[in-house]
Amino acid sequence: MTNQAVPARPHLLPTAAACVAVVLWASAFVSIRSAGAAYSPGALALGRMSAGALALGLICVVRRVPPPPRSAWRGIAISGVLWFGFYMVALNWGEQQVDAGTAALVVNVGPLLIALLGSRLLGDPMPPRLLAGMAVSFAGAVTVGLSMAGGGGSSVLGVVLCLLAAVAYAAGVVSQKPVLSRASALQATTYGCLVGAAACLPFAGQLVRQAADAPLSATLNMVYLGVFPTALAFTTWAYALARTTASRMGATTYAVPALVVLMSWLALGEVPGPVTLAGGALCLAGVAVSRSRARTRAPRTVAAAGEPRSEQVP
């Protein structure tokens with residue numbers, strides 16, 4: 001009997017990359033609360049994108065990464081303006097108008113929009129496991145949002161801004177997906193970040209004035225947002241997105257509310273209630289379901305005459 005090599009599991013590395021992105025994006029909500037007290041929405045977005053572009057630019061120079069091909073620029077420009085630019089400003093502004101629970105609830109419409117746009121524009125499949133997982137995660141996001149919502153803390157403007165942020169996020173992801181067949185994750189992220197920073201340049205005056213008066217902790221949080229939740233997380237996200245569908249990647253971000261609850265508990269001392277914990281558990285359970293793969297039964301091997309009969313167990 002011959003020995004057969006155990007097949008590799010190529011999906012593990014993209015899964016790890018997606019986990020890095022989700023954890024860092026969750027940490028961004030904690031940092032935004034600190035930096036947002038000293039910086040206006042546009043100035044914070046520009047500072048974050050500038051720090052991210054600088055970090056990524058240095059990596060590209062050291063590694064001698066060439067610019068992306070011309071065929072990728074259209075998608076990079078669209079995702080850069082919508083996701084790296086408009087989304088950041090709208091989300092920062094929206095979170096100043098509504099409480100955290102309402103913001104989390106409205107922004108979590110984004111993965112649903114990614115699934116719809118991905119199916120319509122990219123031909124992404126919509127398997128039952130993905131749909132079921134998204135339904136469970138969305139229920140968890142609603143539970144977390146309602147449990148964290150404060151009375152009278154919402155405004156129509158804030159809800160509209162968070163909804164616009166969710167639309168920009170979904171459109172940016174779907175625009176970036178085709179780019180990754182022509183450009184690397186590092187190229188797509190670096191130049192998308194540059195486009196986002198350029199789109200935020202009208203807020204340069206605010207950034208300069210506010211940086212002079214801001215406490216060091218707020219500025220360090222802004223730099224952290226640029227280097228880790230932007231430069232690193234968007235690159236690992238793009239790496240994972242290149243190897244799966246936009247719909248499945250969008251469903252992964254439903255883990256963010258659960259992680260934000262945990263990080264707020266550890267870093268800010270905000271003890272979550274049982275309803276919030278239950279909602280976070282639903283978010284994680286839905287992500288697990290949406291990223292699971294249906295088990296396929298391997299075909300049975302019929303032995304030749306005189307040889308032992310063997311079967312493969314799924």
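**Figure 1. Overall fold of the predicted model.** Among contacts in the protein between residues at least 6 apart in sequence, 90% join residues at least 24 apart; contact means heavy atoms within 4.5 Å. The model is predicted: local features need pLDDT of at least 70, side-chain atom pairs count only at pLDDT 80 or more, and totals for chains, interfaces and linings use all residues. Residues are numbered from 1 along each chain as its sequence is written, and side-chain values use heavy atoms, with hydrogens and water left out. The secondary structure comes to 13 helices and 0 strands. Helices (H or I, at least four residues) and strands (E, at least two) are DSSP runs, numbered from the N terminus. Of the 314 residues in the protein, 46% are buried. Buried means under 20% relative accessible area, exposed over 50%, and partly exposed in between, with a 1.4 Å probe and protein chains only. The protein exposes about 15400 Å². Carbon and sulfur atoms supply 67% of that area, which comes from the Shrake-Rupley method with a 1.4 Å probe.

**Figure 2. The largest nonpolar core.** This core has 61 residues. A nonpolar core is a set of buried Ala, Val, Leu, Ile, Met, Phe, Trp, Tyr and Cys residues joined through side-chain atoms within 4.5 Å. Tyr39, Trp83, Tyr87, Val173 and Trp237 have the most contacts inside the core. Helices that each supply at least two residues include helix 1 (12-35), helix 3 (73-97) and helix 8 (185-199). Helix 10 gives the most, with 10 residues. A second, separate core has 17 residues, among them Ala26, Ala255, Leu259 and Val260.

**Figure 3. Surroundings of Trp237.** Neighbours within four places in sequence are left aside here. Trp237 is in contact with Ala21, Trp25, Trp83, Tyr169 and Val173, among others. Its partners also include Gln176, Met249, Gly250 and Thr253.

Figure 4. Lys177 lies in helix 7, residues 156-179. The side chain of Lys177 reaches the backbone oxygen of Leu241 at 2.7 Å. This is a polar contact: a pair of N or O atoms within 3.5 Å; within protein, one must be able to donate a hydrogen and the other to accept it, and residues adjacent in sequence count only if both atoms are side-chain atoms. Not counting residues up to four places away in sequence, Lys177 touches Leu122, Leu241, Ala242, Arg243 and Thr244. Lys177 and Arg243 are 66 residues apart in sequence, yet 9.7 Å apart in space, C-alpha to C-alpha. Ser175 is also found in helix 7. Ser175 counts as buried because its relative accessibility is 19%. Beyond four places in sequence, Ser175 is in contact with Gly75, Ile78 and Ser79.

**Figure 5. Thr252 in helix 11.** Helix 11 covers residues 246-252 and holds Thr252. Thr252 has 6% relative accessibility, so this residue counts as buried. A polar atom of the Thr252 side chain lies 3.1 Å from the backbone oxygen of Arg248.

Figure 6. The 23 residues of helix 2 should span 33 Å at 1.5 Å a residue; the expected span is 1.5 Å times one less than the number of residues. The end C-alpha atoms are 33 Å apart, which agrees. Just after helix 2, Arg64 takes a positive phi of about 55 degrees.

Figure 7. Cys60 is buried, at 9% relative accessibility. Cys19 is partly exposed, at 43%. The disulfide count comes to 0, where a disulfide is a pair of cysteine sulfur atoms within 2.5 Å.
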